[in-house]
Amino acid sequence: MDRKDEQLVQQFFIEASQQTIADNGFSERVMRRLPNRANWFNRVWTLGCILIAIALLLMSDAITIAKTNIEVFTQSLLNGGLIEMLPTISMLIFGLAIAGAYELYVCVKENL
């Protein structure tokens, strides 16, 4: 397609998207009554992945390694290594803040 045809197609879709069909709220009522299977599937999928991750952690040495890392981390903090670990701590806090903000956004969006 040349540029003129592309502009005509784009204009057609812009005009079509601005049209509203008066249905007296019918579409909105139908959408509210539809089963929310995608949400259910997402929760089941997440639970399954968490259970698999826990099983893999239990089968590996990850728990022992995590305990060792926590001990090293706390000993470093007690020995004055807070400044050296500041980037790690700030990344952890930032990551938790992002995850919390996303969960809050999803929760607010679902309740609207």
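Student: How many disulfides does the count come to?
Tutor: The count comes to 0 disulfides, a disulfide being a pair of cysteine sulfur atoms within 2.5 Å. This is a predicted model, in which local features need pLDDT of at least 70, side-chain atom pairs count only at pLDDT 80 or more, and totals for chains, interfaces and linings use all residues. Residues are numbered from 1 along each chain as its sequence is written, and side-chain values use heavy atoms, with hydrogens and water left out.

Student: Why does C49 count as partly exposed? And C107, what is its relative accessibility?
Tutor: C49 counts as partly exposed because its relative accessibility is 35%. For C107 the value is 41%, so C107 also counts as partly exposed. The scale is relative accessible area with a 1.4 Å probe and protein chains only: buried is under 20%, exposed is over 50%, and partly exposed is in between.

Student: Which residues line the largest pocket?
Tutor: C107 is one of them; the others are N39, N42, R43, T46, Y102, E103, V106 and E110. On a 1 Å grid over the protein atoms alone, a pocket is an open set of points where a 1.4 Å probe fits, with protein on both sides within 12 Å along at least five of seven lines, and lining residues have an atom within 4 Å of a point.

Student: Which elements give two or more residues to that lining?
Tutor: They are α3 (37-59) and α5 (86-111), and α5 supplies the largest share, 5 residues. Helices here are DSSP runs of H or I with at least four residues, numbered from the N terminus.

Student: What is the volume, and what is the lining by class?
Tutor: The volume of the largest pocket is about 200 Å³, taken as the space filled by probe spheres set on the grid points, which are joined across faces, edges and corners. The lining has 3 nonpolar, 3 polar and 3 charged residues. Ala, Val, Leu, Ile, Met, Phe, Trp, Tyr, Cys and Pro count as nonpolar, Asp, Glu, Lys and Arg as charged, and the others, Gly among them, as polar.

Student: Changing topic: how many aromatic pairs are there?
Tutor: The count comes to 2 aromatic pairs. F12 and F13 form an edge-to-face pair, 5.3 Å centre to centre with 70° between the planes. F41 and W45 form a stacked pair, at 6.4 Å and 25°. Rings of Phe, Tyr and Trp (its six-membered ring) pair if their centres lie within 6.5 Å; planes under 30 degrees apart are stacked, over 60 edge-to-face, and the rest tilted.

Student: Where do F41 and W45 lie?
Tutor: Both are in helix α3, 4 residues apart, about one turn of the helix. An α-helix has 3.6 residues a turn, so residues three or four places apart point the same way.
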